[in-house]
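Open the model in your viewer and keep the sequence panel beside it. The stops below follow the chain, each with something to select.

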Amino acid sequence: MVAQLVFWVLAAIMFYTVAIWPSLQFAAFTDNTTVHIGFVVACGILLFAFWLLARVTERDDGPSSPPQP
């Protein structure tokens with residue numbers, strides 16, 4: 001449950017980073033290089049956070065089918 005909550009928070013941050021944040025920076029007439037470097041760094045940090053979440057929650061429970069009687 002906690003892992004799902006963390007996933008959705010990271011997904012919301014990723015949406016903001018990809019869809020809204022660059023537009024706001026371009027609207028404020030920020031230098032193109034600054035926007036692009038910031039975008040790449042932010043996406044890299046978020047992808048690392050997703051990878052870390054996957055490593056922390058990774059477990060081998062066996063097959064996903066229900067037990068047979």
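**A tour of two helices**

The buried residues of α2 pack against α1. Keep in mind that this is a predicted model.

Begin by selecting residues 32-57, which are helix α2. The helix has 26 residues and reaches 37 Å from its first C-alpha to its last, close to the 38 Å expected at 1.5 Å a residue. Now show side chains for Val 35, Gly 38, Ala 42, Cys 43, Leu 46 and Leu 53, which are buried in α2. As a guide to reading such a list, an α-helix has 3.6 residues a turn, so residues three or four places apart point the same way.

Next, select residues 2-27, helix α1. Its end C-alpha atoms are 36 Å apart, and this agrees with the 38 Å that 26 residues should span at 1.5 Å a residue. Which residues of α1 are buried? Color Leu 10, Met 14, Thr 17, Pro 22 and Gln 25 to see them. The cover over the buried residues of α1 includes α2.

Stay on α1 and center the view on Ile 20, where there is a kink of about 40 degrees.

Pick out Tyr 16, which lies in helix α1.

Move along α1 to Gln 25. With 16% relative accessibility, Gln 25 counts as buried, because buried means under 20%. Leaving out residues up to four places away in sequence, Gln 25 touches Thr 30 and Val 35.

The last stop is Phe 29, in the loop between α1 and α2. What is the phi of Phe 29? The value is near 60 degrees, positive in a residue other than glycine. Most residues other than glycine have a negative phi. Phe 29 counts as exposed, at 77% relative accessibility.

How values were computed: Residues numbered from 1 in each chain as written. Predicted model: local features only at pLDDT ≥ 70, side-chain atom pairs only at ≥ 80, totals over all residues. Heavy atoms only, no water. Helix = DSSP H or I, 4+ residues; strand = E, 2+ residues; numbered from the N terminus. Expected span 1.5 Å × (residues − 1). Buried < 20%, exposed > 50% of the residue type's maximum accessible area, 1.4 Å probe, protein only. Contact = heavy atoms within 4.5 Å. Bend = angle between axes of the 7 residues up to and from the residue.
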